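Please open the structure in your viewer and keep the selection panel at hand.

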Amino acid sequence: MRAQFPQRTLLSLALSLLFLSMARATRGCSSSSPQLLSQLQSQANITGDTRLLLEPYILLQELNTPTLRAACREYPVTFPSEDTLRALSKPHFLSTVYTTLGRIQHQLDALRQQSPKTKVFPLLERAKWNVQGIRNNIYCMAHLLNHPLETPNPTEAGSGASPSTTTTPSIFQTKIDNCRFLWGYHSFMGSVGRVFREWKDGSSRSRRHSPRHSLLRAWRKGASRIRPSRSSQSPMSRVQVPW
Amino acid sequence: MPSYRLQTIRPMAFSVALHPAFLLVVLSLKTSRSEVLGEPFQLTPEILTVSTESKLQQVNLQWTVPNLTHQELKMAFQIEISRINTSNIVWVENYSTTVKWNQLLHWNWKSEIPLECVTHFIRIRAMVDDAKYLPQNSWSNWSSWKEVSVQVSVAPNTLLIFPDNKLLEEGSNVTICLLYGQYLYNVSCMLQKEPIHGEQLDSHVSLIKLNNVVFHSVSGTNIHCKAMNATKMIFGTVLFVSKVLEEPKNFSCETQDFKTLKCSWEPGVDTALVWSQQDSQSYTLYESFSGRRELCDHRNSHNWQITDDSQETYNFTLTTENNLRKRSVNLIFNLTHRVHQKAPHDVTLENIDARKANMTWKVLSRGNNYILLCQIELQHEREVIHEHNVSVHMSASYLFSDLEPDTKYKARVRCADANHFWKWSDWAQKEFCTPEAAPSQALDVWRQVRSENGSYVVTLFWKPLLKSQANGKIVSYNIVVENQDRLSESEHYSVPAPALGTQLSLDPCSYKIHITANNSVGVSPESVMVLSNDSGHEEVHEKRIKGTKDGFHISWEPTSGDALGYVVDWCVHSRDQHCDLQWKNLGPNTTSTNITSGAFKPGVRYNFRIFEKSMQQKAQLLEKQTGYTQELAPLENPEVTINNFTSNSFILSWPSYDSDFQSAFIEGYHVYLKSKEMQCHPKGKRMTLPDYWVLCEYEIKDPEQKAFTVENLRPESHYEFLVTPYTSAGQGPNETFTKVMTPDENSNMLLKIILPMTLCVLLIIIACYWKSQWVKEKCYPDIPNPYKSSILSLIKSKKNAHLIMNVKDCIPDVLEVINKVEGPKTQCIVSGNPHNEDVSMKPPSSVPTEDGSSGSVPFFFFENFTYDQSAFDSGSHGLIPGPLKDTPCQLGLLTPPEKLLNVLEKDYMKSLAESPTEETSLIYVSQLASPMGGDKDSLATNPPMPGHCSEYKMQMAVPGRLPSLALSENNSLTSEILLGQGEQ
């Protein structure tokens, strides 16, 4: 427990640095798609670490028993699985991640309000900002690749009221649900990071053949490939996002 | 770990048993009274509603008394509650109240079991209990049973746990109830990580009772259950166990300015829980006289504004409250008795000198009659050295005396109300430093005297003055040396601090030495020492003493009765060059002292000297004492040398130890001698060792004896020995024995004969060498050289040309002009005869030519002594026949061939260089006169050919067919023969 805090702090620091560098992107998107992709992959990988949120939450809520830990690790159906993400075309992938992150952001905010004056409160606050940053980068990535998302412009972190929390008849169940949500959040981000890595690897291979605008071409290729597909026009029909 | 005691639910047997007994007593009383006052009457209550509050597990009962005709009637009600079925009565309670006409009555009851889990039943009956009316002698009829239940539906394969999110206090008990849905069985529950078990009420309900729950976490204690047939589903509830709200402690209020009352307390543990179950406890202040109530801003203090100046007495109630409990403390006080005075101000220190200082300060006063009590403290190095209390009206002063010069102090003052002491104010403080004063104490001085080159070398030592004696920073030490023999002479020395000694070189006279210490203000009293002529030369007996681990006890015999005192001195480092002299001054009546030091080490010898100081400040050496705090075994053995080594004995000897380097007093030596089948001396101890070795041990009890003779040894035998010293602590290290072997018995005799003989032979050789010239002259004189003979000059002077033949005078028969022949063909032509000693004639011999013919070529040769002067000098003016037995140039042997060969090697190097392929024999032939001299080619092709020796100036041409040719058959000529020819 004690050993985890410095690691978490380091992770947070790394993420904050990434976020700082990304702050520029919120004002204006980067023109370098490889750089943006690399940044997105790093962000996703870092936020995929359970030491960032899940473990502190488990310890705070006294869920640190084998049974309860196992209960936490039930992957919520509300998050698209890695296979699902990998099967999506690139535009749909970006759109799905963007939408899912928006819901994650709201859920983190709700979770933050449930846990005032606790040790996880600042972590949740930071996580919310990080998610906002990743969303902005995804927005920029889509914009950069000439396929803007059908969503509003990147929002400032914290703007927009979170929906009022629903009635929680059982705090125990809420604890488990939150725990599962955090597990799902980290797993989802890990999956996103791996998909981005595949993009990067594919981009590197393509760049060897055509160094410039390979990602753009890859994107367009993906986009043109999905257009005829009905299902791809409605990614949400394949991915159930709960919020 | 939570220590919940699981308990089976039992009916409230005690209550049930107690209440009927109580009612019987009441009824008997009523009966007796009704008999007196008249006929009883019955009023049966009617239940209107029975409701529940699930969260609180509470049943609320509402009823009326329908037939009440009185405006008011005091009545008693009895309420019964049963669980599961009406016969299982779990609670009976009597409730008395005054009932008004048509009044709705209320009563509630909290169930220990969640109402969702079991059905309860409730009924009520009444009895008039009013003294104004005839008392009822019996209860009314019971109302009908009313069912109390909270309907919950449990879905199949699910489990409901009650109570949910229960808030309770640490130490309380709680009953958990599990409602099983259909198809669910084998449910196991855990409280955090501990399994918990319950009692099955029926097939769908079980109860778990937890006693004395403990606080686990602010986020609650999780209870989770899992059914065996639904492994993936987890059910649970959270118990929010709050810490017990504590009563505020040390609640007090005070004022500094009569405008604000500052109330403070110790709040105790925070009882807040997360998930909005419970906030931190609140604190409220209520003042009863003013009726004001204020919620406190902080959990441990609150500032209460004084709005009414006339209010002197305050009655405060501090209440703390959380969701479960409320606690209060009360405080009543007079405002003037709770005045916390502000710290004094304008603290100053005036007229500071080396010994005293005056402090002044002011206080905040509330009127002429207001008296404050002030406490003054003087601190030095955080230690209070002076404390005093004074009464103060507006301002005050205090004089600190007996201060130390050159010292930092901290003066501080605090005040309080003198009439109603409540609390001291904060300190007001000031630091100051007293100035320096002259040193107040004479230096503790001592000296060490030694003679060097006829003068005294006096080393003076002194100890630094204590701070309380120095009264400031010592700048220097002044030394005045007065010559007692020549009173007019005195010398002044100044030694800058922080030196603690100096060295003086003095003539051998009596001296009086004055030493003082100076600081910036003045001089210390002087210390005086007198050195007499014999200082440093005293000889006294040295006594051995035995020390302990703490030190040494030194005692001595005084020699005179008028001693001023005694001084004991010693070196801390006796083994080192740096002695670090220590001394101890002792009073006149002292004859012993204990010398202790942390620097004393075991195995180190310490030498103590005891001096007696006379009235004239003269120190006379009384005694020397030496000893060890702890004696140790010797650390090393002496280096032993062997003397007088014979076949039967030898002497072992070793040097003395430096006493300062002894680890103890050496008491003697052990000599060990080891050999095979050896006989020990009777004084030695014999020990038999393995392999027939015998060890003899000899003890030398005199430490001054440094030699030991080992006798009765066998010649040509191996012996091993070891010499080791011993002290009271043991002997030296067991080092390797030194091996020796005794010599042969005859070796000495042989030595006695051979040595003189050798010397004699050497002397004869030397003598022979010296006389070698003489021997040579006598035995082997040099052959005289006729050219150098005086006779020759005599003949020349007489111009007698007939005696010695001259070349010019020769009339040759045949004259052959010798030219250098080009080409390899060489030819020697011999003509003429030798006429003198310088000419050596060789018989002609066949010379191999280039064409391979080995014809007989006549040639002649000369021996030219000017060519080889060294050969001449060494008498080697003969020719080597050379290895050329077959060569035509057969040479006569006049000198030993090796001599000539040496000469040739030495002097004919040039020729060798020109003809590197030639052998030494060829160099030899370079002396030959050849008509084809310089023909190198011929040399290369026919090395043994004498032809190329012929480039030599012919000195004489001799006819080749001289009678001497007959000699050529002989192939060797003696010098005698040649001489004979020469003479001819």
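A disulfide is a pair of cysteine sulfur atoms within 2.5 Å. This is a predicted model, in which local features need pLDDT of at least 70 and side-chain atom pairs count only at pLDDT 80 or more, whereas totals for chains, interfaces and linings use all residues. Residues are numbered from 1 along each chain as its sequence is written, chains are lettered from A and ligands numbered from 1 in the order in which they are written, and side-chain values use heavy atoms, with hydrogens and water left out.

**Stop 1: the cysteines of both chains**

Select the cysteines of chain A. When its bonded cysteines are numbered in sequence order, the pairing is 1-3, 2-4. Now select those of chain B, where the pattern is 1-2, 3-4, 5-6, 7-8, 9-10, 11-12. Over all chains, the count comes to eight disulfides.

**Stop 2: Cys189(B) and Cys225(B)**

Select this pair, whose disulfide has an S to S distance of 2.0 Å. The torsion about the S-S bond of Cys189(B) and Cys225(B) is about 110 degrees, so the link is right-handed. Cys189(B) sits in strand E11 (residues 187-191) and Cys225(B) in strand E15 (residues 221-227), 36 residues apart in chain B. Helices (H or I, at least four residues) and strands (E, at least two) are DSSP runs, numbered from the N terminus. Both cysteines are buried, a word that stands for under 20% relative accessible area, with exposed meaning over 50% and partly exposed in between (1.4 Å probe, protein chains only).

**Stop 3: Cys374(B) and Cys415(B)**

Move on to the disulfide between Cys374(B) and Cys415(B), again with its S to S distance at 2.0 Å. Why is this disulfide right-handed? The torsion about its S-S bond is about 100 degrees, so that is its handedness. Cys374(B) belongs to strand E26 (residues 372-380) and Cys415(B) to strand E29 (residues 408-417), so the pair ties together parts of chain B that are 41 residues apart in sequence. Cys374(B) is buried, with a relative accessible area of 0%, and Cys415(B) counts as buried at 0%.

**Stop 4: Cys680(B) and Cys696(B)**

Select these two residues, which form a disulfide with sulfur atoms 1.7 Å apart. Is their link right-handed or left-handed? With -90 degrees about the S-S bond, the link is left-handed. Cys680(B) and Cys696(B) are both buried.

**Stop 5: Cys433(B) and Cys509(B)**

Select each residue in turn. Cys433(B) is partly exposed, at 39% relative accessible area, whereas Cys509(B) is buried, at 8%.

**Stop 6: the whole of chain B**

Display chain B in cartoon form: its secondary structure comes to eleven helices and 55 strands. Of its 984 residues, 43% count as buried.

**Stop 7: where the chains meet**

Finally, show both chains and select the contact between them (contact means heavy atoms within 4.5 Å). Chain A contributes 23 residues and chain B 23 residues. Together the chains bury about 1,700 Å², 58% of it on carbon and sulfur atoms; buried area is the accessible area (1.4 Å probe) that two parts lose on being put together, summed over both. Glu62(A), Ile171(A) and Phe172(A) supply 38% of the area that chain A buries against chain B, more than any other three residues. How many salt bridges are there between chain A and chain B? The count is zero, a salt bridge being a side-chain nitrogen of Lys or Arg within 4 Å of a carboxyl oxygen of Asp or Glu.
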